[in-house]
Amino acid sequence: MKEFLFLAVVLVSNVFQAITGFAGTVLAMPVAIRLIGADQAKFVLNIVAWISGIMIAASGYRDIQWKELGKAFAFMAIGMVAGIQIYEMCSLRYLLPLYGAVIILISLHKFFRGERKKRKLPKTADYVLLFLAGIMHGMFVSGGPLAVIAMSDDVQNQNQFRVTISSLWVVLDLIIFASQMHQHQLTGDTFRLTLASVIPLGLAVWIGIRIAGKISKKRFMNLTCILLMISGLTMII
């Protein structure tokens, strides 16, 4: 039953992933940890996010913003090294509520700013946010919320943003996978559950890509904020 529920989580969360380009793992991780455990959840969801990223990026590869992709990768990759170490050293009892609180603050900030004209963040702030996003990605494969803030000023077109950030996950999640394999985290049960996740993942991406093309920028941003609030609350509860 727990594995069935996990596959349902993969389906629902990856519909959101296909729409936003980042929210899938952030939403799925808290529930998945409770269903199948932290290490297995991180392994399976990392592979799921990697495959999802490939599918979304391939669907709009002409819109990838390579300059922004390269900048985000450089700073997040450095942060990921620290994040992987923090995950191994610290208890989830403290890490999950802290990250949940950060996500809620981010979502509230974005939601209440809305469509008002605003100044761009200084470049230094973008770099710091990308580094912190890398730490979060190294810990829970879910650095999307902070990466969104850092990249959204420079990539404002909805589809360009979605495929660019999806391309970022393709590269970063491959690095995490290499680290997990080096630590011998792949087991028979994990491999079986990963294969089983491919079907709901494919269906979710197919649904999400079609919904994404019909959502306005305003609705897209509101949806993003709501997803962040939900994910933050699930990490604290």
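Modeller: A term first: helices are DSSP runs of H or I with at least four residues, numbered from the N terminus. Please keep in mind that this is a predicted model.

Biologist: Understood. How many cavities of 30 Å³ or more are there?
Modeller: The count comes to 2 cavities of that size.

Biologist: Which elements supply at least two residues each to the lining of the largest cavity?
Modeller: Those are α2, residues 23–36, and α8, residues 158–182. The lining includes Thr-25, Val-26, His-137, Trp-169 and Asp-173.

Biologist: And how does that lining divide into nonpolar, polar and charged residues?
Modeller: The lining of the largest cavity has 5 nonpolar, 6 polar and 1 charged.

Biologist: What lines the second largest cavity?
Modeller: Its lining is made up of Ser-13, Asn-14, Gln-17, Gly-24, Thr-25, Ala-28, Leu-45, Val-48 and Ala-49. Two or more of the lining residues come from each of α1 (2–20), α2 and α3 (38–59). By class, the lining of the second largest cavity has 4 nonpolar, 5 polar and no charged residues.

Biologist: Let us turn to packing. How do α2 and α3 cross?
Modeller: Their axes cross at roughly 145° and come within 8 Å. The crossing of α2 past α3 is right-handed.

Biologist: Which residues meet there?
Modeller: From α2 there are Thr-25, Ala-28, Met-29, Ala-32, Ile-33 and Ile-36, and they meet Ala-38, Gln-40, Ala-41, Lys-42, Leu-45 and Ala-49 of α3. This contact of α2 with α3 has 9 nonpolar, 2 polar and 1 charged residues. Thr-25, Ala-28, Leu-45 and Ala-49 are also among the residues lining the second largest cavity.

Biologist: What about α4 and α8: at what angle do they pack?
Modeller: Helix α4, residues 66–89, packs with α8 at an angle of about 30°, and the axes are 10 Å apart. Angles under 35 degrees count as roughly parallel, and α4 and α8 are therefore roughly parallel to each other. The crossing of α4 past α8 is right-handed.

Biologist: Which side chains are involved, and of what class?
Modeller: The contact includes Leu-69, Phe-73, Met-76 and Ile-84 of α4, with Leu-168, Trp-169, Leu-172 and Ile-176 among the residues of α8. In total, the contact of α4 with α8 has 13 nonpolar, 3 polar and no charged residues.

How values were computed:
Residues numbered from 1 in each chain as written. Predicted model: local features only at pLDDT ≥ 70, side-chain atom pairs only at ≥ 80, totals over all residues. Heavy atoms only, no water. 1 Å grid on protein atoms, 1.4 Å probe; cavity = no way out; pocket = protein on both sides within 12 Å on 5 of 7 lines; lining within 4 Å. Points joined across faces, edges and corners; volume = space filled by probe spheres on them. Nonpolar A, V, L, I, M, F, W, Y, C, P; charged D, E, K, R; others polar. Axes fitted to C-alpha atoms, helices over the stretch in contact; angles between N-to-C directions. Parallel < 35°, antiparallel > 145°, perpendicular 65-115°, else oblique. Left-handed = near helix turned anticlockwise from the far one by under 90°. Contact = heavy atoms within 4.5 Å.
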